[in-house]
Amino acid sequence: MLTDLKVKVGPQFYRYHVGAIDVVPEVLQEFSAKNVLVVHGGISYEKAQPFLHFLQQDDYTFSFLQYTGECSYYGAERIAEVVNEKQNDFMIGVGGGKLADLVGYAAHLVNINFGVIPTLASNCAPWTPLSVMYKESGESEGKSEHFLRQAAFFITDPKLVIDAPVNYFVAGLADTLAKWYESDAILQQAHLQNEPFLQVAAYTADLCKVAILEQSAKAISDMEKGEVTEEFVRLSEIVFAVAGLVGGLGDKYARNAIAHAMHDGMSKYIPESHAFLHGEKVAYGIFYQLAVEKKWTQIDDLLPFYRELKLPMSMEQMQIFPEDEAIIDRIATFIDSKKKVHLLPIPITKELLKESIYELENYIKR
């Protein structure tokens, strides 16, 4: 029996369908919210405006704050100052993954409830009670803030989500695909086999993987046409909601491993990597983890999918491979420092992590 498993399933209330945002006032009433701070982005908020009819209601007082574009400690403190000044009793985040992370962490700091209205499907940030922290420069802090507070609601509309940049959705598909590749080897270990929540996490990760590999091309094509189809709704829901269940049910055993650790290492030590989206770097990270595990056949199996979605397969392909070997050493040391990496059933060493970076580059060249 595990004594360190923390199950945090997801938001208290979830809806995703055409017209869903109109039910936000019902949830605000449930939480006795009256004085609401709306934290938002720029372009995404302009696109969301036609969907936010609840902002016209006289039952609530709304104040507004545009975030800086990063989920940073500075940004969270800035929100906290506004909440304390205006005495807000609820917070709503309207935007993408970094904004959802920021609002969740800020709500944790000031001890108020919050809801999220995602404007794109690029990761499971709106679902999960953790925040990946960055500096205002875009450099990764190399750490995540975990908290026990779940979102009061996660509500959005596919007609809003489909109007986002397609490359964010593609990156979200890659980020979600990593759920299975990072968790499978860990969850298959004998001492974890009879844990019911981990079994459900494993099933959910597999569901994500199968749907993404089979339906991504159709969903992407539909998004490019602006058509809200069954495939687009299903895969966007998998990216920002179902994927969050994997870590919510499996905790550290199914949240992230080498692929995400590589993302953090690149973001921390290779400034040029900031030009790539989170999911794009995680896509490379999947190949890197498979290289560490010496699962070259699985890389071969994924190559057609990566080519079809134009996902990065190597740092050289991304044109960010460091010329200075010391940077490779720092990345390997950083990845080795992550406890979840060592949950994999293989002996992880800095030497293995470093040599696998070079092995993957050479393998992709071939």
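Let's start with helix 6 and helix 7. Helix 6 covers residues 166-187 and helix 7 covers residues 196-225; their axes come within 9 Å and cross at roughly 155 degrees. This is a predicted model, so please keep that in mind throughout.

Angles over 145 degrees count as roughly antiparallel, and helix 6 and helix 7 are therefore roughly antiparallel to each other. The crossing of helix 6 and helix 7 is left-handed. As for what sits in the contact of helix 6 with helix 7, sorting by class gives 18 nonpolar residues, three polar and four charged.

Now the chain as a whole. It has 14 helices and eight strands. Along the principal axes, its C-alpha atoms fill a box of roughly 65 × 45 × 40 Å.

Next, burial and contacts. Of the 366 residues, 58% count as buried. Taking contacts in the chain with a separation of 6 or more, 79% are between residues 24 or more positions apart.

Where is it placed? P50 lies in the loop between helix 2, residues 43-48, and strand 3, residues 61-66. Is P50 buried or exposed? Its relative accessibility is 52%, and the cut-off for exposed is over 50%, so P50 counts as exposed.

Key
Residues are numbered from 1 along each chain as its sequence is written. This is a predicted model: local features need pLDDT of at least 70, side-chain atom pairs count only at pLDDT 80 or more; totals for chains, interfaces and linings use all residues. Side-chain values use heavy atoms; hydrogens and water are left out. Axes are lines fitted to C-alpha atoms, for helices over the stretch in contact, and angles run from 0 to 180 degrees between N-to-C directions. Helices (H or I, at least four residues) and strands (E, at least two) are DSSP runs, numbered from the N terminus. Angles under 35 degrees count as roughly parallel, over 145 as roughly antiparallel, 65 to 115 as roughly perpendicular and the rest as oblique. A crossing is left-handed if the near helix is turned anticlockwise from the far one by less than a right angle, and right-handed if clockwise. Ala, Val, Leu, Ile, Met, Phe, Trp, Tyr, Cys and Pro count as nonpolar, Asp, Glu, Lys and Arg as charged, and the others, Gly among them, as polar. Buried means under 20% relative accessible area, exposed over 50%, partly exposed in between (1.4 Å probe, protein chains only). Contact means heavy atoms within 4.5 Å.
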